[in-house]
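Student: I've got a new model open and a few quick questions. Can we walk through it together?

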Amino acid sequence: MYEKPFLLEIVAPERVVYRNQATSLTAPGVDGMFQVLYNHAPLLAQLGVGRVTVKTLEGKDTDFAVSGGFVEVRDNHVVVLVDTVEAAREIDVNRASAARDRAWQRLHDRSQDIDVA
């Protein structure tokens, strides 16, 4: 396991969610999952919807749910700009399940004015 740290910031419109050293970042790019480690080449990537995993200096994984955004990697400084983000420990599972069920119902009973994509 590669253990050298880099500075990671996860920023949403309303707050900075994470700003600390990390040893890896795994994120859902629109073209597939990718990982950033120390000395990664410069990168600008678009995020999809999914799980972002941060490995801390202590070797623990911290997970976040994101719904799109961008990742910039430059000189061992990684900035993740997200549309929305929730730490896994903050997710209300009942609320999320109810939202999923409502979405499936709307797709099943959709009218012409519902944007399926």
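Student: Let's start with Thr-53. What does Thr-53 touch, not counting residues up to four places away in sequence?

Tutor: This is a predicted model, to begin with. Thr-53 touches Ser-24, Leu-25, Thr-26, Asp-61, Thr-62 and Asp-63.

Student: Which side chain makes a polar contact with that of Thr-53?

Tutor: That of Asp-63. The polar contact is 2.7 Å.

Student: Where does Thr-53 sit, and is Thr-53 buried or exposed?

Tutor: Thr-53 is in strand E4. Thr-53 counts as buried because its relative accessibility is 17%, and the cut-off for buried is under 20%.

Student: Now charges. How many salt bridges are in the whole structure?

Tutor: Two. One joins the side chains of Glu-9 and Arg-19, at 3.3 Å from N to O. Glu-9 lies in strand E1 and Arg-19 in strand E2, so this pair ties together parts ten residues apart in sequence.

Student: Buried or exposed, those two?

Tutor: Glu-9 counts as buried, at 14% relative accessibility. Arg-19 counts as exposed, at 55%.

Student: And which residue does Lys-55 pair with?

Tutor: Lys-55 forms a salt bridge with Asp-61. Their closest N and O atoms are 2.9 Å apart. Lys-55 is buried, with a relative accessible area of 15%. Asp-61 counts as partly exposed, at 48%.

Student: Switching topic. What's the overall layout of the chain?

Tutor: The pattern along the sequence is β-β-β-β-β-β-β-α. That is seven strands and one helix. Of the 117 residues, 32% count as buried.

Student: How many residues are in the largest nonpolar core?

Tutor: It has 23 residues. Those with the most contacts inside it are Leu-8, Ile-10, Leu-25, Val-54, Val-78 and Val-80. Strands E1, E2, E3, E4, E5, E6 and E7 each supply at least two residues of this core.

Student: Take Val-78. What is Val-78 in contact with, leaving aside its neighbours within four places?

Tutor: Phe-6, Leu-7, Leu-8, Glu-9, Leu-25, Val-36, Val-71, Glu-72 and Val-73. Glu-9 in that list is also the salt-bridge partner of Arg-19.

Student: What is the accessible surface of the chain?

Tutor: It comes to about 7800 Å². Carbon and sulfur atoms hold 51% of that.

How values were computed: Residues are numbered from 1 along each chain as its sequence is written. This is a predicted model: local features need pLDDT of at least 70, side-chain atom pairs count only at pLDDT 80 or more; totals for chains, interfaces and linings use all residues. Side-chain values use heavy atoms; hydrogens and water are left out. A nonpolar core is a set of buried Ala, Val, Leu, Ile, Met, Phe, Trp, Tyr and Cys residues joined through side-chain atoms within 4.5 Å. Buried means under 20% relative accessible area, exposed over 50%, partly exposed in between (1.4 Å probe, protein chains only). Helices (H or I, at least four residues) and strands (E, at least two) are DSSP runs, numbered from the N terminus. Contact means heavy atoms within 4.5 Å. Accessible areas come from the Shrake-Rupley method with a 1.4 Å probe; for residues, only the protein chains shown count as cover. A polar contact is a pair of N or O atoms within 3.5 Å; within protein, one must be able to donate a hydrogen and the other to accept it, and residues adjacent in sequence count only if both atoms are side-chain atoms. A salt bridge is a side-chain nitrogen of Lys or Arg within 4 Å of a carboxyl oxygen of Asp or Glu.
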